[in-house]
Structures are given as structure tokens and as C-alpha cells.
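Reader: I am new to reading protein models. Please walk me through one, feature by feature.

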Amino acid sequence: MATTSFPDASPRKKKRAAAPPAPARRDPTGSDAPGGAAPAGVCTAHASPGDLVVTAAEPEFARQFGLSADEICGYGLLDLLRSPVPVRLREQFAALSSGRRRRFEERVTGRDGTGRNFLADVTGVAVRKPSGEIVGVVVFLRRAEGAVSGGPVLSALDAQVLEGVASGESTVQLASRLYLSRQGIEYRVGQMLRRFEAPNRPALVARAHALGMFAAGQWPPRVLPERVR
């Protein structure tokens, strides 16, 4: 299968702006009132609204991405945090920055210092002045247990089928390319739908992305070698 790699799939650091004072820590589990203690295992970063550039971060947040607290400043949140539905994540942050939402929760994928993907749950909270003006965004991140070393493993043939589905190939196209019957393709897709608890093919691809099955920055999509037996 032909593979095209983008020149640089790693998060890119944007031009660093002057960082405003970090807002008081907020409780991601409920109230937007400042001063709430974040639960154990949660680390935070602050970003400017609109461009979503990181202006301050706890050392533990930066370590998730193989960076120091100083190095991560200037990176864009949307470069660090990937979603199986990128448009939805952008819309969530846009709603925070515009004041249309106060908070949201999302399951995302990040990349650690070794280049491997990990899963995490994030909560985004809008920081407001008493006047209601949005002055910043706070992101609370909790890394999912076993998200780097664990995860589904597919047979080589199932991996090729999943890659084809992610590329938008039809059953007929997959059957022709992989020298299988249409029934054989449908059987394997059906098995993966049940295994990944997905109701349809788009949901299967989204679930596979969320689980870190695919190599970042490659088209056509390729399943990571460590996820193929």
C-alpha cells in the first residue's frame, strides 16, 4: 500500500505572545467558580482565547507531551490535542472563546515524548472577567489508564481492511484490492464493528482514531505496527 508522509506531523510551536497572568485554578468537575481543587491525576494548561496558544502550563501537563513547562508555551492546543472528529473539537474551543459555552468535555489523543499516542480526557473551561468578557481558556487533562502500552491489536488482514475503510474504500474496492469476496470483507468489518462497539463504518474509524490505532500524519491511513500482530 502506498504511503504518503507529511513533512512534519509533530505539534508546531506558534509565535509566543506575552502571557497574561494565569487565572485561578478552577474545578473541572462542576462549578466554574475559581479556587476549586482539581481531582488527583488532573493537570492544567492556560491558553489565550481565539488562537488557543498555550500561555502557561503545569509541569505535569507539559510532560505528557515530552516538553517542559516553558517549552510548551507558544504551542497551539489544537496541535497538541487531537480528536477523532477534529471539526467538533475546534467547534468546542470556538464556542468557549466566543462565550457561547462555559465548558466542555472531550476524549482526545496526544503524543508523548517518545512519539507514541496516548488517550486522555480533557475539560475546557472559559475564564471570564466579572463583566463577562472571555480572557482565557483553561484545559484540565486526565490521562487514560494504559493508553500508551495497551490497546487493540489486529491481524495484518484486518489492519488492511481498517485502513481501507478509513480511506473511504467501498466493499467492492476492498474486495478487489485484497483478493477477498465481498462477503469476506463484510464479515471482517462486522467483526470490528462489534469489537470496537461502533454502529457503522464512520464510527469505527472515529473509534480507531480515538484509540490511537493510526499513525499520525500519514495518508492513506496506516495502522501503527505495534497494533498489528
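Author: We start with rings. Rings of Phe, Tyr and Trp pair if their centres lie within 6.5 Å. Planes under 30 degrees apart count as stacked, over 60 as edge-to-face and the rest as tilted. Keep in mind that this is a predicted model.

Reader: How many aromatic pairs does the structure hold?

Author: The structure holds 3 aromatic pairs. One of them joins phenylalanine 61 and phenylalanine 65, with 5.5 Å centre to centre and 45° between the planes. That angle makes the pair tilted. Another tilted pair joins phenylalanine 65 and phenylalanine 118, at 5.6 Å and 55°.

Reader: Is phenylalanine 65 buried or exposed?

Author: Look at relative accessible area. Buried means under 20%. Phenylalanine 65 has 8% relative accessibility, so it counts as buried. Phenylalanine 61 is buried too, at 0%. Phenylalanine 118 is buried at 1%.

Reader: What lies over the face of phenylalanine 118?

Author: Arginine 143 does, at 4.2 Å from the ring centre.

Reader: Now helices. Why do some residues of a helix point the same way?

Author: An α-helix has 3.6 residues a turn, so residues three or four places apart point the same way.

Reader: Which residues of H4 are buried?

Author: Asp158, Ala159, Val161, Leu162, Glu163, Gly164, Val165 and Ala166 are the buried ones in H4. Their cover includes helices H5, H6 and H7 and strand S7.

Reader: What span should H4 have?

Author: Count 1.5 Å times one less than the number of residues. H4 has 12 residues, 156–167, so it should span 16 Å. Its end C-alpha atoms are 17 Å apart, which agrees.

Reader: What follows H4?

Author: Glycine 168 follows H4, and its phi is positive, near 90°.

Reader: Let us step back. How many helices and strands are in the protein chain?

Author: The chain has 7 helices and 7 strands. From the N terminus, the order is β-β-β-α-α-α-β-β-β-α-α-α-α-β.

Reader: What share of the residues is buried?

Author: Buried residues make up 45% of the 229 in the chain. The chain exposes about 11,600 Å², and carbon and sulfur atoms supply 53% of that.

Reader: What about contacts across the sequence?

Author: Take contacts between residues at least 6 apart in sequence. Of these, 54% join residues at least 24 apart.

Notes: Residues are numbered from 1 along each chain as its sequence is written. This is a predicted model: local features need pLDDT of at least 70, side-chain atom pairs count only at pLDDT 80 or more; totals for chains, interfaces and linings use all residues. Side-chain values use heavy atoms; hydrogens and water are left out. Helices (H or I, at least four residues) and strands (E, at least two) are DSSP runs, numbered from the N terminus. Buried means under 20% relative accessible area, exposed over 50%, partly exposed in between (1.4 Å probe, protein chains only). Contact means heavy atoms within 4.5 Å. Accessible areas come from the Shrake-Rupley method with a 1.4 Å probe; for residues, only the protein chains shown count as cover. Rings of Phe, Tyr and Trp (its six-membered ring) pair if their centres lie within 6.5 Å; planes under 30 degrees apart count as stacked, over 60 as edge-to-face and the rest as tilted. A charge sits over a ring if NZ of Lys or CZ of Arg is within 6 Å of the ring centre and within 35 degrees of the ring normal.
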